[in-house]
Amino acid sequence: MARLSEHGIRLSSMSPSFLNSNSTSHTWPFSAVAELIDNALDPGVLAKQIWIDVFDEGDHLCLTFTDNGSGMTPNKLHKMLSFGFTEKGSGKASQQAIGVYGNGFKSGSMRLGRDALIFTKNGGCQTVGMLSQTYLENIKAQAVIVPIVPFNQQTNILHETIGHGK
């Protein structure tokens, strides 16, 4: 059954196969890497350093991107992992964001691999988000589902659900 809004209107959904087809907007892996680096350089992120590493996890190579930027609140991570949402473009001309369409992370990360785990920290809140083709296939999802779990850094107790505050 289709998901309904609070007003009873059917909401659109996105097929999990879109994650793969969307990734083809990057014709080569280095443009996808550049996309992920660009996000750390955007105004408001304040990253001064970026580390990129590769390590073996069982039979899989894992590519990690780490920066020392300001991190994201659970709400900002939710928007970043949603398609077409962005808060970029509202900065000063001297600090103009590189991308403004709300698609770069999704297309870039899915060009480099089938799964992306995002760990972010802002204030006392740590948040984990997962954009995963493997997960969606395993649960036989009919629409893209992106789990996001925020928790208190000190107590490890889950925060309230996303959408309540910033």
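What percentage of the 166 residues in the protein chain do buried residues make up? Buried residues, meaning those under 20% relative accessible area, with exposed meaning over 50% and partly exposed in between (1.4 Å probe, protein chains only), make up 27% of the 166 residues in the protein chain.

This is a predicted model, in which local features need pLDDT of at least 70 and side-chain atom pairs count only at pLDDT 80 or more, whereas totals for chains, interfaces and linings use all residues. Residues are numbered from 1 along each chain as its sequence is written, and side-chain values use heavy atoms, with hydrogens and water left out.

**View 1. The protein chain as a whole, with its helices and strands.** The protein chain holds 5 helices and 5 strands, where helices (H or I, at least four residues) and strands (E, at least two) are DSSP runs numbered from the N terminus. Along the sequence these elements follow the pattern α-α-β-β-α-α-β-β-α-β. With contact meaning heavy atoms within 4.5 Å, 49% of the contacts between residues at least 6 apart in sequence join residues at least 24 apart. The protein chain exposes about 11,100 Å², of which carbon and sulfur atoms supply 56%; accessible areas come from the Shrake-Rupley method with a 1.4 Å probe, and for residues only the protein chains shown count as cover.

**View 2. Helix α2 and its buried residues.** Helix α2 (residues 29-41) has 13 residues and reaches 19 Å from its first C-alpha to its last, close to the 18 Å expected at 1.5 Å a residue, the expected span being 1.5 Å times one less than the number of residues. In α2, the residues Ala 32, Val 33, Glu 35, Leu 36, Asn 39 and Ala 40 are buried. Seen down the axis of α2, these buried residues fall within an arc of 150°, so they line one face of the helix, the arc being that of the directions from the helix axis to the C-beta atoms. The cover over the buried residues of α2 includes β1 (50-57), β2 (60-67) and α4.

**View 3. Helix α4 and the elements that cover it.** Helix α4 is mostly covered, since 7 of its 9 residues are buried, namely Gly 104, Phe 105, Lys 106, Ser 107, Gly 108, Ser 109 and Met 110. Cover for these buried residues includes α1, α2, α3 (74-80), β3, β4 (125-132) and α5.

**View 4. Gln 133 in helix α5.** Gln 133 lies in helix α5 and is buried, with a relative accessible area of 7%. Not counting residues up to four places away in sequence, Gln 133 touches Leu 19, Asn 20, Met 110, Gly 113, Arg 114 and Asp 115.

**View 5. The salt bridge between Arg 114 and Glu 137.** Taking a salt bridge as a side-chain nitrogen of Lys or Arg within 4 Å of a carboxyl oxygen of Asp or Glu, the count comes to 1 salt bridge. Arg 114 forms a salt bridge with Glu 137, and their closest N and O atoms are 2.6 Å apart. Arg 114 lies in the loop between α4 (104-112) and β3 (115-122) and Glu 137 in helix α5 (residues 133-138), so the pair ties together parts that are 23 residues apart in sequence. Arg 114 is partly exposed, with a relative accessible area of 36%, while Glu 137 counts as exposed at 51%.

View 6. Trp 28, in the loop between α1 (17-23) and α2, counts as partly exposed at 48% relative accessibility. Trp 28 and Leu 112 are 84 residues apart in sequence, and their C-alpha atoms are 9.3 Å apart in space. Asn 156 lies in the segment after β5 (148-152) and counts as exposed at 53% relative accessibility. Asn 156 and Gln 126 are 30 residues apart in sequence, with 8.7 Å from C-alpha to C-alpha.

View 7. Most residues other than glycine have a negative phi. Leu 46, in the loop between α2 and β1, has a phi near 65°, a positive value in a residue other than glycine, and counts as exposed at 59% relative accessibility. Lys 140, in the loop between α5 and β5, has a positive phi near 55° and counts as exposed at 66% relative accessibility.

View 8. With a disulfide defined as a pair of cysteine sulfur atoms within 2.5 Å, a search of the whole structure finds 0 disulfides. Cys 62 is partly exposed, with a relative accessible area of 24%, whereas Cys 125 counts as buried at 8% relative accessibility.
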